[in-house]
Amino acid sequence: MMSNERQVDLLVLGGGAAGMTAALTAAVLGLDVLLVEKTERVGGTSARSAGSLWVPNSRHSPPGSDSPDNALRYLRAVLGNRLDETRARAFLDAAPEMVASWKTTVRSLCAPTRITRITGRPWREPHCRGACWSRCHSTPPF
Ligand SMILES: Cc1cc2nc3c(=O)[nH]c(=O)nc-3n(C[C@H](O)[C@H](O)[C@H](O)COP(=O)(O)OP(=O)(O)OC[C@H]3O[C@@H](n4cnc5c(N)ncnc54)[C@H](O)[C@@H]3O)c2cc1C
């Protein structure tokens with residue numbers, strides 16, 4: 001009798017940018033991954049977005065132009081008491097590494113990928129404390 005059971009190292013729910021990034025990274029690291037999407041198509045909200053990444057202090061930021069504390073000041077100013085500082089700090093710690101490893105990962109599997117910093121493009125609330133113009137990255141494949 002056929003069984004529908006399958007054992008995997010990682011089960012990812014949702015085929016948007018977050019799920020696909022997690023699945024791709026895990027697959028490249030050698031894990032057996034199953035990505036499950038509840039709709040007919042992968043893409044989610046990500047497929048309708050502008051595809052840009054907001055990542056402070058990535059390797060594309062001019063050296064010394066920004067800092068995690070400065071980015072946190074900005075998030076505090078924009079989000080006020082809705083900010084979850086623990087999650088924000090986790091994001092600010094991990095996101096630059098994500099940009100670096102994602103770039104290598106995608107390049108190893110697909111056509112050449114270019115992530116570039118968008119200069120001169122304001123993000124939301126550019127006048128808030130901690131605002132900085134070097135955090136928005138374009139991801140041309142998307
Ligand atoms: C017009 C527009 C422009 C935007 N522009 C930008 C931008 O420039 N920069 C930016 O950073 N953000 C932008 N955003 C926001 C950004 O698109 C979202 O924050 C981001 O796409 C969320 O990604 P995600 O992977 O978390 O979720 P999603 O892309 O929504 O993916 C979630 C997926 O999970 C699936 N799913 C849900 N529940 C289950 C389940 N139980 N089982 C299986 N699958 C499930 C959903 O069907 C969906 O496919 C924009 C949004 C819009 C609408």
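Is D69 buried, partly exposed or exposed? In this predicted model, D69 has a relative accessibility of 45% and therefore counts as partly exposed.

The ligand is surrounded by 19 residues, and the closest of them are A18, E37, T45, S46 and S52. Sorted by class, this shell is made up of five nonpolar, 11 polar and three charged residues. Two domains contribute to the shell: domain 1 (7-48) and domain 2 (50-142) each supply at least three residues.

E37 places a polar side-chain atom 2.6 Å from an oxygen atom of the ligand. For S46, an N or O atom of the side chain is likewise found 2.6 Å from a ligand oxygen atom. With K38 the backbone is involved, as one of its polar backbone atoms lies 3.2 Å from a nitrogen atom of the ligand. Of the 1000 Å² that the ligand exposes when taken alone, the protein buries 56%.

Turning to charged pairs within the protein, the structure holds four salt bridges. Side chains of opposite charge can pair when their charged atoms come close. One of these bridges joins D32 and R6, with an N to O distance of 3.2 Å. Because D32 sits in the loop between α1 (17-28) and β2 (33-36) while R6 belongs to the segment before β1 (10-13), the pair ties together parts that are 26 residues apart in sequence. D32 has a relative accessible area of 33%, so this residue is partly exposed.

Another salt bridge is formed by R135 and D66, whose closest N and O atoms are 2.7 Å apart. This pair links distant parts of the chain, 69 residues apart: R135 is in the loop between β4 (116-117) and β5 (136-138), and D66 is in the loop between β3 (53-54) and α2 (68-79). Buried residues have under 20% relative accessible area. R135, at 1% relative accessibility, therefore counts as buried, and D66 counts as buried at 13%.

The opening residue, D69, returns in a salt bridge with R89, where the closest N and O atoms are 4.0 Å apart. Here the partners lie in helices, R89 in α3 (residues 85-109) and D69 in α2, so the pair ties together parts that are 20 residues apart in sequence. R89 is partly exposed, with a relative accessible area of 40%, and D69 is partly exposed at 45%.

Key
Residues numbered from 1 in each chain as written. Predicted model: local features only at pLDDT ≥ 70, side-chain atom pairs only at ≥ 80, totals over all residues. Heavy atoms only, no water. Near = heavy atom within 4 Å. Polar contact = N/O pair within 3.5 Å; in protein donor to acceptor, adjacent residues only side chain to side chain. Areas by Shrake-Rupley, 256 points an atom, 1.4 Å probe, with all protein chains shown as cover. Nonpolar A, V, L, I, M, F, W, Y, C, P; charged D, E, K, R; others polar. Domains from an automatic or database assignment. Salt bridge = Lys/Arg side-chain N within 4 Å of Asp/Glu carboxyl O. Helix = DSSP H or I, 4+ residues; strand = E, 2+ residues; numbered from the N terminus. Buried < 20%, exposed > 50% of the residue type's maximum accessible area, 1.4 Å probe, protein only.
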